[in-house]
Amino acid sequence: MKLKAFILLILAALMIAPVALAADPEPTVLTNKEAIDLVQTHANYLWTLVAAALVFFMQAGFAMVEAGFTRAKNSINIMMKNLMDFSIGSIAFWAIGFGLMFGATSTGWFGTTGFFLSDFTPDGDPWVLAFWMFQVVFAATAATIVSGAMAERTKFTGYILYSIFVSGLIYPVFGSWAWGSLLNGSGWLEGFGFIDFAGSTVVHSVGGWAALAGAIVLGPRLGKYTKDGKIKPIMGHNIPLAALGVFILWLGWFGFNPGSTTTADTSIAMIFVNTNLAAAAGAVLAMIVSWMKFGKPEVGMSLNGALAGLVGITAGCANVSPSSAIIIGAAAGIIVVFSVMFFDKIKVDDPVGAVSVHGVCGAWGTLAAGIFNIEGTSAGIIGVQLLGIAACFLWTFPAALVMFKLIDKTIGLRVSPEEELEGLDYAEHGGIAYPDFGVSTHGGISSISGPPSSGLPSYAASTSPATQSS
């Protein structure tokens with residue numbers, strides 16, 4: 001009986017096997033293509049979201065740079081501003097900014113659809129979610145650039161209001177001109193062939209020119225300039241912290257630039273290389289120039305040189321050669337030193353050099369993307385780049401200037417002199433960043449100590465690793 005049952009089981013298996021095999025059709029070219037496309041799509045999503053996470057981490061870098069280059073008594077205020085830049089900026093970009101930047105348009109000036117992320121539906125294409133996540137971290141970057149130039153004297157309420165307008169209006173409108181077609185829009189500037197792959201102008205110059213407007217409306221910090229026009233250094237309290245911030249930003253830029261492909265393919269390799277080489281060249285040349293100018297290899301200028309190189313290569317990272325990337329970064333490292341000196345000379349008080357690093361070097365990088373275009377350049381290409389640079393300034397600076405003036409006339413933009421001397425940590429937030437440590441007046445400016453004995457200009461001495469008193 002057992003043998004008979006076993007034979008019957010074998011016969012049944014032989015009869016079922018052909019049917020089971022027939023149920024699985026032979027692979028075809030079409031199904032193979034669909035499978036390959038699906039893998040590529042999943043890879044694109046993963047790469048874009050990983051890159052978004054790297055760019056988000058840049059918020060920490062900006063916070064560290066700004067805190068390190070300013071005084072200890074304002075550290076909590078700086079952390080709060082960077083936190084709110086991203087938090088409030090995310091909501092503003094979700095509600096208004098994303099639609100203005102990437103919504104459908106018939107004019108090329110701004111989008112009119114996609115507000116409140118309405119382009120997403122549960123049964124629709126989820127790419128809009130990944131794309132939004134990548135774009136919102138860019139919007140936050142543009143907004144947080146301004147924080148450094150306005151540090152140590154800005155009302156927190158005024159800053160929150162500004163952050164909403166930059167993330168929800170000023171940045172998205174210009175972004176729609178240059179990048180609108182990345183989703184549903186079509187900007188007038190990109191129609192001319194404007195080159196700004198990852199945002200030297202779209203992100204960094206927008207932030208830089210808004211920072212310039214804010215610094216002008218606020219005026220310089222107390223004690224920064226004497227009545228006879230001399231510059232008094234106000235030193236940062238923690239240069240190692242600022243250096244850590246620069247290294248974090250350098251890392252984040254490997255998401256910022258290569259991630260702008262939003263595609264997981266081989267093109268990101270050259271973008272990685274160009275990004276790194278430009279940063280390295282910027283740091284080296286800024287060090288050399290500062291060494292020649294001040295007699296020492298100055299750390300603050302060297303750190304800003306690395307950032308200047310990163311900003312400079314952002315526009316052309318995908319369309320210039322590695323050799324050109326070194327030239328672009330080196331030039332940015334030189335430019336940033338003289339730009340910081342220039343703005344200090346005309347009494348625009350920018351504690352971290354944000355206007356020079358992001359505004360000026362962003363403009364240089366955008367122009368350089370046309371000059372060093374790997375497929376060749378022409379007067380037409382350079383003309384379009386200059387048009388984009390000018391359009392960015394003529395939109396951003398006046399709009400930001402009006403915005404800051406309105407804030408100043410209504411709720412107020414600057415804290416009182418007493419609050420500024422006391423420090424914004426306690427005056428605005430009721431806290432102390434370093435409760436277990438005292439502050440030093442050695443080599444710094446305070447309400448009682450006067451200027452340091454160092455003969456270095458403020459842009460060099462301001463990066464001395466001495467703590468700053470209140």
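This is a predicted model: local features need pLDDT of at least 70, side-chain atom pairs count only at pLDDT 80 or more; totals for chains, interfaces and linings use all residues.
Before anything else, helices (H or I, at least four residues) and strands (E, at least two) are DSSP runs, numbered from the N terminus. Residues are numbered from 1 along each chain as its sequence is written, and side-chain values use heavy atoms, with hydrogens and water left out.

Is Thr 262 buried or exposed? Buried means under 20% relative accessible area, exposed over 50%, and partly exposed in between, with a 1.4 Å probe and protein chains only; Thr 262 has a relative accessible area of 18%, so it counts as buried. If we leave aside its neighbours within four places in sequence, Thr 262 is in contact (heavy atoms within 4.5 Å) with Asn 44, Thr 48, Trp 127 and Phe 134. Thr 262 and Phe 134 are 128 residues apart in sequence, yet their C-alpha atoms are 8.6 Å apart in space.

Now to the whole chain, which has 15 helices and zero strands. Of its 470 residues, 54% count as buried.

Next comes the interior, where a nonpolar core is a set of buried Ala, Val, Leu, Ile, Met, Phe, Trp, Tyr and Cys residues joined through side-chain atoms within 4.5 Å. The largest such core has 112 residues, and those with the most contacts inside it include Phe 138 and Trp 179. Helix H4 (residues 127–149) gives the largest share of this core, 16 residues.

Finally, the rings: those of Phe, Tyr and Trp (its six-membered ring) pair if their centres lie within 6.5 Å, and planes under 30 degrees apart count as stacked, over 60 as edge-to-face and the rest as tilted. By this rule the count comes to 25 aromatic pairs. Phe 138 and Trp 179 form an edge-to-face pair, with 6.1 Å from centre to centre and 65° between the planes. Because Phe 138 lies in helix H4 and Trp 179 in helix H5 (residues 156–179), this pair ties together parts that are 41 residues apart in sequence. Phe 138 is buried, with a relative accessible area of 1%, and Trp 179 is buried as well, at 7%.
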